[in-house]
Amino acid sequence: NSNRAHMNVEELRSYCLSLSPNVEEKFPFPKFKAARDVLAFYIDGHMFCYFNINDLSCITVKHEKEEIPELIEHYPCLGHPYNCNPKYWIGIDATIADKALIEKLVSDSFNIVKSKTHKPR
């Protein structure tokens with residue numbers, strides 16, 4: 001089965017939660033019908049990944065802005081984020097992206113967001 005390399009919602013959710021015991025998940029947009037099923041993951045109160053639990057064609061993650069254009073050019077499964085600034089965020093189509101790439105991009109996003117929230121005193 002060629003689908004095995006892809007991730008389903010449960011795997012993706014478990015992966016996000018596995019990055020740190022401090023990761024929190026919530027549905028941030030309950031009032032918006034179109035975004036009611038968007039599940040978001042946070043570290044230290046800052047979002048690092050979100051996606052619609054019924055549609056994994058766009059997982060949105062943060063990324064180093066210098067690398068985004070090159071990544072999008074290189075991987076057909078990458079594109080614009082859902083409702084976020086494409087300068088800092090990237091969209092992953094999990095229906096075609098491979099699991100290793102998804103995990104790497106989610107973990108990069110987590111690290112970017114975490115490093116920005118942990119400023120040295």
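Modeller: Read along the sequence, this predicted model follows the pattern α-β-β-β-β-α-β-β-α. That gives three helices and six strands. The radius of gyration is 14 Å, close to the 14 Å that the globule rule gives for 121 residues, so the protein is as compact as a globular protein of that length. Along the principal axes, its C-alpha atoms fill a box of roughly 50 × 35 × 25 Å.

Now the sheet. The six strands form an open sheet. Their order is E1-E2-E3-E4-E6-E5, and the pairing is antiparallel. Strand E1 (24–26) lies at an edge, and so does strand E5 (78–79). Each of these two pairs on one side only.

Take E2 and E3 next. Strand E2 covers residues 38–43 and strand E3 covers residues 46–52. Six bridges join them, and the two run antiparallel. Within this pair, Phe41 stands opposite Cys49 in E3. The hairpin of E2 and E3 has two residues between the strands. There, Asp44 takes a positive phi near 50°.

What about the cysteines? A disulfide needs two cysteine sulfur atoms within 2.5 Å. By that rule the count comes to zero disulfides. Cys77 is in no disulfide; the nearest cysteine sulfur, that of Cys58, is 11 Å away. At 9% relative accessibility, Cys77 counts as buried, because the cut-off for buried is under 20%. For Cys58, the closest cysteine sulfur is in Cys84, at 9.7 Å, which is too far for a bond.

Back to the whole chain. Buried residues make up 37% of the 121 residues. Consider contacts between residues at least 6 apart in sequence: 52% of them join residues at least 24 apart. The protein exposes about 7,400 Å², and carbon and sulfur atoms supply 51% of that area.

Methods:
Residues numbered from 1 in each chain as written. Predicted model: local features only at pLDDT ≥ 70, side-chain atom pairs only at ≥ 80, totals over all residues. Heavy atoms only, no water. Pairing = 2+ DSSP bridges. Helix = DSSP H or I, 4+ residues; strand = E, 2+ residues; numbered from the N terminus. Buried < 20%, exposed > 50% of the residue type's maximum accessible area, 1.4 Å probe, protein only. Rg over C-alpha atoms; globule rule 2.2 N^0.38 Å. Contact = heavy atoms within 4.5 Å. Areas by Shrake-Rupley, 256 points an atom, 1.4 Å probe, with all protein chains shown as cover.
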